[in-house]
Protein chains: 2
Amino acid sequence: MSEPSPSALIPEAELVARLRAIGKERYHHQHPFHLLMHEGKLTRGQLQAWALNRYAYQSRIPIKDATILARSEDPDFRRAWRKRLIDHDGDGKSPGGIEKWLRLVEATGLSRKQAITGEGILPATRYAVDAYVDLVRSKTHLEAVASSLTELFSKDLITLRVDRLRQHYPWLSGGLDYFQGRMTQAPEDATFALNWVVKHARTRPEQEAAVDALRAKCDILWAMLDALYFAYVTPGWPPPGAFRPTETP
Amino acid sequence: MSEPSPSALIPEAELVARLRAIGKERYHHQHPFHLLMHEGKLTRGQLQAWALNRYAYQSRIPIKDATILARSEDPDFRRAWRKRLIDHDGDGKSPGGIEKWLRLVEATGLSRKQAITGEGILPATRYAVDAYVDLVRSKTHLEAVASSLTELFSKDLITLRVDRLRQHYPWLSGGLDYFQGRMTQAPEDATFALNWVVKHARTRPEQEAAVDALRAKCDILWAMLDALYFAYVTPGWPPPGAFRPTETP
């Protein structure tokens, strides 16, 4: 079999396979911080730092989704994408993802106010989160949608996480509603986005750009955990001004 | 003596003292990565990673300075700030700071091409550098100028660094021209910027914003070294796709 031309369109099934391969290789399910979490080896202080820093990411999700929505001229796309705003901001009756994450923060023993004001969040967390919002603003609409495809990989991670959090940190069990919701929301969203990306990447450079955007998003998630690991696991040097757990490990 | 009102203007000398205090507290001269560097405890591979990643920062300096320049309506300010573009981009005859940094990269044994293409640079480095460019674009002009005041603190660090690099890593000695230039350039620039900030911060909120901007800039420099330390010192996990030294430590 001869090598296909580097400018030839990648067949759809192969494009999907390439996107999925990025998850295997680069998604943060393999990050050492998550491995420790799932082995029950994190202290409460480390879980507090995780919940607090990850809130900075959660709080930006509707902003990045509204940015993606605002860039589409297709009412069908916008209607489909609108679901994400509801998932995270809620419908005014049942809580959305952001409220549920705040309950997780509270279950770790920190106040929701600390998360909302962002006091003590690692600067490196903010830079990574801002890089994500900047990606969906400044790259093409196709790349912005492709960057959301990490949701293809989240269900397995979340399923494992909920199981292990219950097992190893039972004191956290009251704060896990966020993950329950995401187990059905994320796969629905990912299926829509994957189909959309495959359909709308109509040239080889567009296909490559979509793949790169997913890789870039994986880098962002990974960098957030690197920063947590460095500041709170080992060597354990939070930068000046960052949250410091009060408990002994 | 009674406490001054929290809305009262900070006297000029005290504002200068506050800005200088931030350097003592937060400037990256105290970062563990620099301490190892100055003690001669870094490997060539670690110095390569440092030179390569720091190039991503150096390469953005004229872009951030042109952004600051473009935001001023004062020809005197623009003329003074223009010097920085020449310092880093050169005058076409003698090399500027960027070219000198590329020579430092080469002195570590990496190619200038690797630095210029950015292959293997840590994503966290890029996020921090982009946060700096974003700061000077999106905050006030006063805050943008104040963020440059880390140059108040750089001379002592650079003087020590050149001395220790010569002592501990003699194979690097041919690549130190960048630092020689900065020993006179940075203090001149810092004096101008400090006087300008003190003169143009005319309300208490503006003064506080200037102080915060300098703190934010220190956070950016610190986060870049955190990322290097985590990836290349300990535990030594470069993220997927990042530069990996080939030598044994």
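Q: Hi! What covers the buried residues of α8(B)?
A: In this predicted model, the cover includes α8 (123-138) and α12 (204-232) of chain A, along with α3 (44-58), α4 (61-70), α9 (141-147) and α12 of chain B. Helices here are DSSP runs of H or I with at least four residues, numbered from the N terminus.

Q: Which residues of α8(B) are buried?
A: They are B:Pro123, B:Ala124, B:Thr125, B:Arg126, B:Tyr127, B:Ala128, B:Val129, B:Ala131, B:Tyr132 and B:Val136. Buried means that 20 or more other C-beta atoms, placed from the backbone, lie within 10 Å of the residue's own.

Q: And which residue of chain B comes closest to the rotation axis?
A: That's B:Tyr127, with its C-alpha at 2.6 Å.

Q: How is chain B laid on chain A?
A: A turn of 180° with a shift of 0.0 Å along the axis does it, at an RMSD of 0.0 Å. That is the relation of a two-fold axis. The superposition is by least squares on C-alpha atoms of residues with pLDDT of at least 70 in both copies.

Q: Switching to the contact, how many residues does it take from each chain?
A: It takes 22 from chain B and 22 from chain A, where contact means backbone-placed C-beta atoms within 7 Å. On chain B, α1 (12-26), α8 (123-138) and α12 (204-232) each supply at least two residues of the side touching chain A.

Q: Why do the copies meet through the same surface?
A: Because 100% of the interface residues of chain B are also interface residues in chain A.

How values were computed
Residues numbered from 1 in each chain as written. Chains lettered and ligands numbered in written order. Predicted model: local features only at pLDDT ≥ 70, side-chain atom pairs only at ≥ 80, totals over all residues. Contact = placed C-beta atoms within 7 Å. Buried ≥ 20, exposed ≤ 12 C-beta atoms within 10 Å, placed from the backbone.
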